[in-house]
Amino acid sequence: MGIRGRFLTLAAAAIGVSFVGFIVFSIALGKLAGFIAMIVMAAIGLVTIYVKQRGGLHNKKRNRGIYIYHNLFKS
């Protein structure tokens, strides 16, 4: 199973950020440092996406308890 749903845009953003990181690091420190920075940034982004994806596509914060709504219907 690969990357699904809304995580595709996050994956594209992670790859884009890693490419920009490559350009910045290659200008500042050299091509090897840029390549290493690109690989590290892409790996961190993709690992983060896989961890979030394991939580589920629709994981939401669910508060448990009893809710009392006052003044729902005012006459």
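Val24 sits in helix α1, which covers residues 7–28. Residues are numbered from 1 along each chain as its sequence is written, and the model is a predicted one, in which local features need pLDDT of at least 70, side-chain atom pairs count only at pLDDT 80 or more, and totals for chains, interfaces and linings use all residues. Side-chain values use heavy atoms, with hydrogens and water left out.

Let us begin with the whole chain. There are two helices and zero strands; helices (H or I, at least four residues) and strands (E, at least two) are DSSP runs, numbered from the N terminus. Of the 75 residues, 16% count as buried. Buried means under 20% relative accessible area, exposed means over 50%, and partly exposed lies in between (1.4 Å probe, protein chains only). The accessible surface of the chain is about 6,500 Å², and 68% of that belongs to carbon and sulfur atoms. Such areas come from the Shrake-Rupley method with a 1.4 Å probe, and for residues only the protein chains shown count as cover.

| Residue | Relative accessibility | Class |
|---|---|---|
| Ile23 | 37% | partly exposed |
| Val24 | 49% | partly exposed |
| Ser26 | 17% | buried |

Ile23 and Val24 both belong to a nonpolar surface patch of about 690 Å², together with Phe19, Val20, Phe25, Ile27 and Leu29. A patch is made of residues with over 30% relative accessible area and no salt bridge, with like charges joined within 9 Å and nonpolar side chains (Val, Leu, Ile, Met, Phe, Trp, Tyr) within 5 Å. A salt bridge is a side-chain nitrogen of Lys or Arg within 4 Å of a carboxyl oxygen of Asp or Glu.

What does Ser26 touch, leaving aside its neighbours within four places in sequence? Ser26 is in contact with Lys31 and Gly34, where contact means heavy atoms within 4.5 Å. Ile23 and Phe35 are 12 residues apart along the chain, and their C-alpha atoms are separated by 8.9 Å.

Helix α2 spans residues 31–54. Its 24 residues reach 35 Å from first C-alpha to last, close to the 34 Å expected at 1.5 Å a residue; the expected span is 1.5 Å times one less than the number of residues. The buried residues in α2 are Gly34, Ala37, Ala42, Gly45, Ile49 and Gln53, and what covers them includes α1.
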